[in-house]
Amino acid sequence: MKKCIVTVVGKDTVGIIAKVCTYLADNQINILDISQTIVQGYFNMMMVVDAANMKKDFAVVCDELEALGTEIGVAIHCQREEIFEKMHRL
């Protein structure tokens with residue numbers, strides 16, 4: 001299993017979850033855990049995903065998710081789980 005952390009932050013609009021989840025499903029990336037909140041009109045979502053079956057290079061997926069975020073008006077970031085954990089241990 002190759003776990004990654006996907007974060008999505010921005011102004012809340014209709015369809016954010018649907019578009020991100022559709023992209024992940026289309027690329028064989030399975031959502032293991034998901035948490036989302038909306039605070040005063042701002043959307044925040046964090047997902048733990050399994051990217052073991054994706055066919056594209058990790059960097060390509062990260063770039064495509066970032067582009068999708070730009071398209072729908074949010075910031076999307078994808079990191080490998082081990083990098084995310086080390087960054088937040090400091």
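**View 1. Strands β2 and β3 form an antiparallel pair in this predicted model.** Strand β2 covers residues 30-39. Nine bridges join β2 to β3. At the turn end of the view, look for V39. V39 stands opposite Y42 in β3. The two strands form a hairpin, with two residues between them. Q40 takes a positive phi near 45° in this hairpin.

**View 2. Strand β3 also pairs with strand β1.** Strand β1 spans residues 3-11, and strand β3 spans residues 42-50. They run in the antiparallel sense. Nine bridges link β1 and β3. K3 stands opposite D50 in β3. I5 stands opposite V48 in β3.

**View 3. Strand β1 pairs with strand β4 as well.** Strand β4 holds residues 74-80. Seven bridges connect β1 and β4. This pairing is antiparallel. Which residue of β4 does V6 face? V6 stands opposite C78. Both V6 and C78 return in the cavity view, where they are among the lining residues.

**View 4. The charged end of R80 sits over the ring of F58.** The distance from that charged end to the ring centre is 4.0 Å. R80 falls within the residue range of β4. F58 falls within the range of α2, which is 58-72. How many aromatic pairs does the model have? The count comes to zero aromatic pairs. For such pairs, two things are described: the distance of the centres and the angle of the planes.

**View 5. One cavity of 30 Å³ or more is found in the model.** Rolling a probe the size of a water molecule over the atoms shows where empty space is left. The largest cavity has a volume of about 40 Å³. Its lining includes C4, V6, L24 and I29. V49, A51 and M54 also line the largest cavity. F58, V61, L65 and C78 complete the list. Is the lining polar or nonpolar? The lining has 11 nonpolar residues, no polar ones and no charged ones. Which element gives the most to the lining? Helix α2 does, with three residues. Strand β1 and α2 each supply at least two residues.

View 6. From the N terminus on, the elements run β-α-β-β-α-β-α. The radius of gyration is 13 Å, close to the 12 Å that the globule rule gives for 90 residues, so the chain is as compact as a globular protein of that length. Along its principal axes, the C-alpha trace spans about 35 × 35 × 20 Å.

Conventions: Residues numbered from 1 in each chain as written. Predicted model: local features only at pLDDT ≥ 70, side-chain atom pairs only at ≥ 80, totals over all residues. Heavy atoms only, no water. Pairing = 2+ DSSP bridges. Helix = DSSP H or I, 4+ residues; strand = E, 2+ residues; numbered from the N terminus. Phe/Tyr/Trp six-rings, centres within 6.5 Å; stacked < 30°, edge-to-face > 60°. Lys NZ or Arg CZ within 6 Å of the ring centre and 35° of its normal. 1 Å grid on protein atoms, 1.4 Å probe; cavity = no way out; pocket = protein on both sides within 12 Å on 5 of 7 lines; lining within 4 Å. Points joined across faces, edges and corners; volume = space filled by probe spheres on them. Nonpolar A, V, L, I, M, F, W, Y, C, P; charged D, E, K, R; others polar. Rg over C-alpha atoms; globule rule 2.2 N^0.38 Å.
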